[in-house]
Structure formats: structure tokens, C-alpha cells
Amino acid sequence: MAQAHRIVVKVGSSSLTTAAGGLDADRVDALVDVLAKVRGGGEREVVLVSSGAIAAGLAPLGLRRRPKDLARQQAAASVGQGLLVARYTASCARHGLRVGQVLLTSDDTSRRAHHRNASRTLDELLAMGALPVVNENDTVATDEIRFGDNDRLAALVAHLVRADLLVLLSDVDGVYDGDPGKPGTSRIAEVRGPADLDGIDMSGAGKAGVGTGGMVTKVEAARIATGAGIPVVLTSAVHAADALAGRDTGTYFHPTGRRSADRLLWLQHASTPRGALTLDDGAVRAVVERRTSLLPAGIASVEGEFTAGDPVELRDSTGRAVARGIVNFDAKEIPQLIGRSTRELARELGPAYEREVVHRDALVLLHR
């Protein structure tokens, strides 16, 4: 942990705001002081994934609690995001540190060109010595293209920037084997795999009630990151300095997998399918067992409205989703392709149709 060069730090709304919903300048300053010290003279790089936009917008708009409807959430985010980045900018200026705001939706990162642009922007900000502050673009994201919580976003950003460490800061100082507010429970110092958390109840949201995530979302984010080869520390914001210095704090999640292609991780965990293709049994075996591309001949039916470049589900004959991929054709084009060979389609419709419906390099299996 202490040797990590590129670090993604995620901080939740409850660690930045007051109970009334406004930003707590002292808390923001305390976090920035830690991050500035970690960066030192530029030997280490930090990306901050920060919640707090909606929570920061509550008090200025006269809202007593986080609204449930999407329109009001977006209105609060519109007001709060400006306040949030302004607070970070002012706080970082005390250390001569520049801030770069990066707002993302899942749609930005599952499409090839958008994904590449997000990666280049973050790399360039780090190369220029800035602190990227990443958040979901709540003001424009719809239910269909939302990450859902910034814990998952942080795990995906960690993979996007090829981070050496992900630190999740919350209002709880780690994973416990029971309710941390009750006597007799103890902190779980290390997690080497999912089995280490079997039987532990992690339901319930954070204590402050201004965010969207609870312990479940944090453990899921840790699973995504560690599955991509990135270690994770989960602790409270007040212990951020200890976590970044490699001292014993919170819960440490050991890596469980290897890094994979960036877009495949986003495709699996951040995309929302716009439609579905049902495959015949032969095509299911080819895609799942032999890891081949999906050809028109293996498609039995299509549903949904999507365009080329959208994510779609690939289903077997029982309706079970076996894979997800980026489709190369519009939904309205596919009925004329079903069950036919690419050579036949090229002769009849032109050379543009002599290709896969979903290429294996843009396809991820959902069941292994």
C-alpha cells in the first residue's frame, strides 16, 4: 500500500457534508491536506472520486432530505456540483494544487471512443500535475445510464487509470463481522476472497443518510477492483492518512484476479443492455466455450431498440443472459440477418454485412 504509485481515492457524501446537507469545509480541507501530502512532490499520483454533489445542493435549494425523484436529484446535483468543485479548488489552492473536474456517465465509458477519451483525459491531467476529481454526471444521467453509486464508479476508474491501489473512504472504519455499533463485533482486517465474508450481514445504508451506498456497494466495488488485480482498502475518512501510508487500518482486500481489457470491465459492470439477442444452442456453445464472435447464423431472435455500438445481452434459449457485447448492427437490421451466413449476406447486401454481429473482442461472459 505504501509503495503504490497511482492511487484512486473515493470519498462518500457523509464524509464531506453536514447532517443538514451542506458542504463541511473543515472536512474537505482535512481530506485535501492528506491527499496533498500523499502526492508530495509529484512522486505519487492521486485520482479522487468524490460523491457529494446532490448532498451539497440540498441546503441551497431548501431541501431537507435527498429527493427520491430523478428530476429533483438532477436539480440538486446541478447546484451542488459547482459548489463541490469550487470547494475542492479553493482547498487545493492552499497547496498550490490544480483541480480538474471529470464528470462521467456509464454511456461515456462503454462506448469505444468515449472510453478512450476518458482514459486520455485522466492520464493527461495526472501528467500535468493536476488532481482529477471524478463524479457521476448526475445532472444528465438517466436511470438507464447511471452507475448507481460512486463506489462502483471508483472501482471502474481505478481500472481505467491502471491504479495500484483503491481506497474507499466512508463513515465506517472497515468491514465488521456484525453491527459495528454493538459490543462483541470485530473488524475484519483482511479479505482474501468472497468466502471470507460468507454469513456476514452487510445490509443497510450509511449512517448519515445523504448518500446512496452502504457496505454492500463498497464490498461489491472491492470485488470488481480486486478481480481486476487492484488491491482495495476500505476505511473511514478520518483514517485516510493511515490507509495511504500503509498502516493497519480498515479492511484490506487482496487482489483475486488479473487486469483485463479496460472496456470489457466497463461492459460487464457499468453498461445497461439496450436490447437482447437470443442465440441457438450451437451459438451459445461457440460464444461461451470456444470464445468466438457471434455470427448472424447463430441468432434465433432479437428484441429491443438499439443502434450499432450499443451494449446488448446475449441469451440462451431459456432466456438466461450468458454474455454481453457491443453490437455492430442496428436492431432493425438484424431480422434480415438471422440464421444466414456472412458470405450469403455479403453477396446480397454488400461487403459491409460480411462481419460479426458481436466481435469476441467486444464481448464479456456473464457466467463461467
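Biologist: Why is Arg44 said to have no salt bridge?

Modeller: Arg44 is buried, and the nearest side chain of opposite charge, Asp164, is 7.9 Å away. A salt bridge takes a side-chain nitrogen of Lys or Arg within 4 Å of a carboxyl oxygen of Asp or Glu, so at 7.9 Å Arg44 has none. For charge, Lys and Arg count as positive, Asp and Glu as negative, and His and the chain ends are not counted. Bear in mind that this is a predicted model: local features need pLDDT of at least 70, side-chain atom pairs count only at pLDDT 80 or more, and totals for chains, interfaces and linings use all residues. Residues are numbered from 1 along each chain as its sequence is written, and side-chain values use heavy atoms, leaving out hydrogens and water.

Biologist: What does the side chain of Arg44 reach, then?

Modeller: Two backbone oxygens: Ala4's at 2.9 Å and Leu244's at 3.4 Å. A polar contact is a pair of N or O atoms within 3.5 Å; within protein, one must be able to donate a hydrogen and the other to accept it, and residues adjacent in sequence count only if both atoms are side-chain atoms. Arg44 is in the loop between α1 and β2. Leaving aside residues up to four places away in sequence, Arg44 touches several others, including Met1, His5, Ile7 and Val38; touching means contact, heavy atoms within 4.5 Å.

Biologist: Why is Asp149 called buried?

Modeller: Buried means under 20% relative accessible area, exposed over 50%, and partly exposed in between (1.4 Å probe, protein chains only). Asp149 comes out at 13%, so it is buried. Asp149 sits in the loop between β4 and α6. Lys218 is 69 residues from Asp149 in sequence, yet 9.3 Å from it in space, C-alpha to C-alpha.

Biologist: Why do you call β11 largely enclosed?

Modeller: Four of its five residues (311-315) are buried, so the rest of the structure largely encloses β11.

Biologist: How do you know which strands β11 pairs with?

Modeller: Pairing takes at least two bridges found by DSSP between two strands. β9 and β11 run parallel with three bridges, and β11 and β12 run antiparallel with five. Leu314 of β11 is the bridge partner of Leu277, and its partner in β12 is Ala323. β11 and β12 form a hairpin with five residues between them, and Gly319 in that turn has a positive phi of about 95 degrees.

Biologist: What makes β3 and β6 edge strands?

Modeller: They belong to an open, mixed sheet of eight strands, ordered β3-β4-β2-β1-β5-β7-β8-β6. β3 and β6 each pair on one side only. Further in, β1 and β5 are parallel over five bridges, with Lys10 partnered by Leu168 of β5.

Biologist: How many helices and strands does the protein have?

Modeller: There are 11 helices and 13 strands. Helices (H or I, at least four residues) and strands (E, at least two) are DSSP runs, numbered from the N terminus.
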